[in-house]
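Open the model in your viewer and keep the selection panel at hand. This tour moves from one contact site out to the whole chain.

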Amino acid sequence: MDAQVKQHYLADSPPTVVRLEVKSHFDNLTDPKLRKYAHYLSRAAFEGTRITLRQVSPESEPIYDLILELHRACDGNWSELAQKTNVSDEHLRYFLEYATQFLGNCGNYKGFGDSKFIPRLPVEAFQALASATPKTKAAFDLANSTGGGIYETDEQSRMHLGYPEGGHMTTYYPDSPSITKDEITAIGDLMEAKGLPLENTRLKKTESGDFQLLIASGVSSPPVRDRDLGDAEIFELDGKLKGKTLRLVFGDYREEMAKVAHSVKQAGLNAANENQKRMLDAYAMSFGSGSIEAFKESQRIWVKDQKPALETNLGFVETYRDPHGVRGEWEGFVALVNLERTRAFGKLVDSAEAMIPKLPWGKDFEKDKFLSPDFTSLEVLSFQSSGIPAGINLPNYDDIRQNLGFKNVSLGNVLSAKAPNEPVPFIAEKDLEVYRRCRDAAFEVQVGIHELLGHGTGKLLQETAPGEYNFDVSNPPISPVTNKPISSWYKPGQTWGSVFGAMSSSYEECRAECVAMALSCDFSILQLFGFGDGKEDLANEAGDVLFAGYLQMARAGLVALEFWDPKTQKWGQAHMQARYSILRTFLDAGGEFVKLSYTKDDLSDLEIHLDRSKILTHGRPAVEKYLQKLHVYKSTADFEAGKKLYDDITSVDEWWGTKVREIVLKNKIPRKVFVQGNTILNGDEVTLKEYEPTLEGMIQSFVERNV
């Protein structure tokens with residue numbers, strides 16, 4: 001890899017380190033049982049840290065051990081360690097920056113972008129630091145003998161997560177360099193037919209050409225009664241894989257899953273109600289035995305646990321990082337309700353049924369009944385994952401969402417976290433004041449609509465069982481895209497994820513973002529959040545928020561190019577691919593609604609110009625036209641049309657991928673790394689220990705988390 005390309009993979013210097021502020025909300029949590037409930041569920045979430053690390057790369061867990069052991073070796077006195085190992089202050093700082101970014105991403109690939117990052121200090125300096133003790137030396141050697149390594153950059157394809165056959169890094173298909181996408185698909189189809197979801201699995205191809213489905217569970221031989229497929233253990237494969245077998249192997253991440261199940265049971269002793277006890281029992285069953293059916297039961301009960309003082313969810317949840325889009329990454333969170341902000345979201349929920357008909361599809365493509373969800377504004381106490389989102393809509397199972405409902409959460413202390421004096425590239429000087437003043441408010445509106453009315457709307461037209469349909473198959477709905485009766489739908493056993501595969505995550509995020517862009521133009525929604533009087537007026541406070549929201553989305557679509565890899569022609573982040581397509585939609589809206597303005601050949605003065613007066617006349621109609629297609633293709637399982645639409649609008653030509661991307665990379669702002677506190681149990685008392693928002697504070701918080 002040439003030096004200029006390699007430069008883009010260096011760890012941020014410095015990373016943007018901020019504290020996840022939650023102390024005032026935790027102090028208001030005075031019930032000792034609630035504090036214990038929060039403590040044990042935080043433990044359960046973070047006891048999965050090593051699972052997430054192993055889901056990233058083979059070297060991630062040894063690097064994690066190396067960072068923690070180096071801290072222990074010097075008891076946090078890093079200058080003393082540098083002197084002892086003859087490492088310069090600059091090289092020590094580079095190590096601390098790398099370690100902080102590593103911990104914030106729970107691995108050596110970016111949680112937001114899926115590209116590898118490497119330390120800025122020379123390998124010799126890192127090796128000198130690692131010589132401090134036998135344990136640190138062993139961890140360093142192990143990290144560099146895994147096939148990925150801390151500094152390995154020779155194969156650019158391995159600098160990104162993806163399918164093994166493309167030469168990319170993945171540990172969802174461990175020790176299986178010859179496994180193909182077709183083989184992964186064939187086994188996925190078989191398991192779908194058998195009724196076994198794959199979120200908590202990994203797939204391994206053995207030397208003989210047979211396959212093992214590794215199932216995460218706290219025991220290696222769970223009782224047959226607790227298994228999703230009973231005593232079925234070996235399956236004969238057919239088609240191109242005829243003569244090969246698939247064996248179910250339990251006990252993946254066994255030690256970690258057993259610890260998680262134990263902490264969940266301890267939390268259950270402090271549950272506030274019967275729903276929570278039943279939910280935690282189902283969690284414990286799932287994490288102990290590997291049953292996804294038990295996990296789905298936990299989610300059914302979780303949806304019914306309305307308006308708890310403490311909110312939580314954990315498991316193999318989001319499928320963004322599996323190249324095949326079906327296997328989930330471990331994550332878990334515990335958060336406290338912000339009652340004041342929750343009231344605004346409650347008003348949005350109350351208005352939802354009146355807002356849904358304003359979306360660009362008819363009732364045939366919408367749920368028969370909107371299942372009013374719990375929508376809360378939360379302050380995160382603990383969040384274990386490769387990156388903390390600003391909002392969440394769960395569960396991800398369409399059968400639960402369509403029949404029982406879902407929950408939305410907005411993470412307030414994530415939304416509000418800011419580093420001082422953050423620059424804002426690509427926004428014109430004349431727009432900076434309103435942008436800075438209104439961007440947080442605009443983002444809160446966007447997140448709220450995205451989660452509630454984006455992910456929360458839409459019907460999948462299905463043959464639910466042979467010969468049974470959730471629509472009138474003898475008189476099929478008319479597609480608003482083609483003005484003809486629909487001719488495709490989901491067959492028995494098919495799901496949104498299984499039909500749309502690897503593109504499903506980004507496509508769905510795009511659909512939800514477009515819903516937010518369309519409905520944020522409704523001034524009655526802006527009024528619910530406290531902006532304006534409900535009257536359409538682009539010149540008032542509500543107009544400022546709307547303008548900032550559209551400008552923020554346009555800017556996000558531009559900086560998204562950081563996550564496009566010209567070498568592999570791949571997008572590395574689901575949300576950013578979606579936002580790029582929305583910028584392209586803005587640019588194609590006509591009337592010079594949005595344009596990229598520059599006078600210099602190197603684009604160094606590139607700015608986004610967005611005509612505020614045309615948001616309602618050009619911006620919203622363009623978004624709605626795009627949204628209608630996204631939605632109808634999803635509803636009708638029309639993968640071919642959906643793929644063509646999405647591939648076309650997210651394609652990156654040479655100008656975008658070279659010239660524009662280059663100036664985006666030159667103006668790149670490091671993504672935030674959040675320093676989280678730790679709950680500490682002493683007898684029956686639980687306290688919160690916070691840490692300084694510094695490189696050293698980040699590392700100390702992980703050492704004292706002791707996972």
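**Stop 1: around Ala-548**

Select Ala-548 and show its contacts (heavy atoms within 4.5 Å). Leaving aside neighbours within four places in sequence, Ala-548 touches Val-434, Tyr-435, Cys-438, Arg-439 and Ala-442. This is a predicted model: local features need pLDDT of at least 70, side-chain atom pairs count only at pLDDT 80 or more, and totals for chains, interfaces and linings use all residues. Residues are numbered from 1 along each chain as its sequence is written, and side-chain values use heavy atoms, with hydrogens and water left out.

Now colour helix H21, residues 541–559; Ala-548 lies in it. Helices here are DSSP runs of H or I, at least four residues, numbered from the N terminus. Is Ala-548 buried or exposed? Ala-548 is buried, because its relative accessible area is 0%. Buried means under 20% relative accessible area, exposed over 50%, partly exposed in between (1.4 Å probe, protein chains only).

**Stop 2: Cys-438**

Draw a distance from Ala-548 to Cys-438. Their C-alpha atoms are separated by 6.0 Å, although the two residues are 110 residues apart along the chain. Cys-438 has 5% relative accessibility, so it counts as buried.

**Stop 3: cysteines**

Look for disulfides (pairs of cysteine sulfur atoms within 2.5 Å). The count is zero. Cys-438 is in no disulfide; its nearest cysteine sulfur belongs to Cys-521, 15 Å away. Next, select Cys-74: at 6% relative accessibility, it is buried too.

**Stop 4: domains**

Zoom out and colour by domain, with bounds from an automatic or database domain assignment. Domain 1 is 1–17 + 48–156 + 690–703, domain 2 is 179–252 and domain 3 is 425–665. The centres of domain 1 and domain 2, taken over C-alpha atoms, are separated by 35 Å.

Technical notes: Helices (H or I, at least four residues) and strands (E, at least two) are DSSP runs, numbered from the N terminus.
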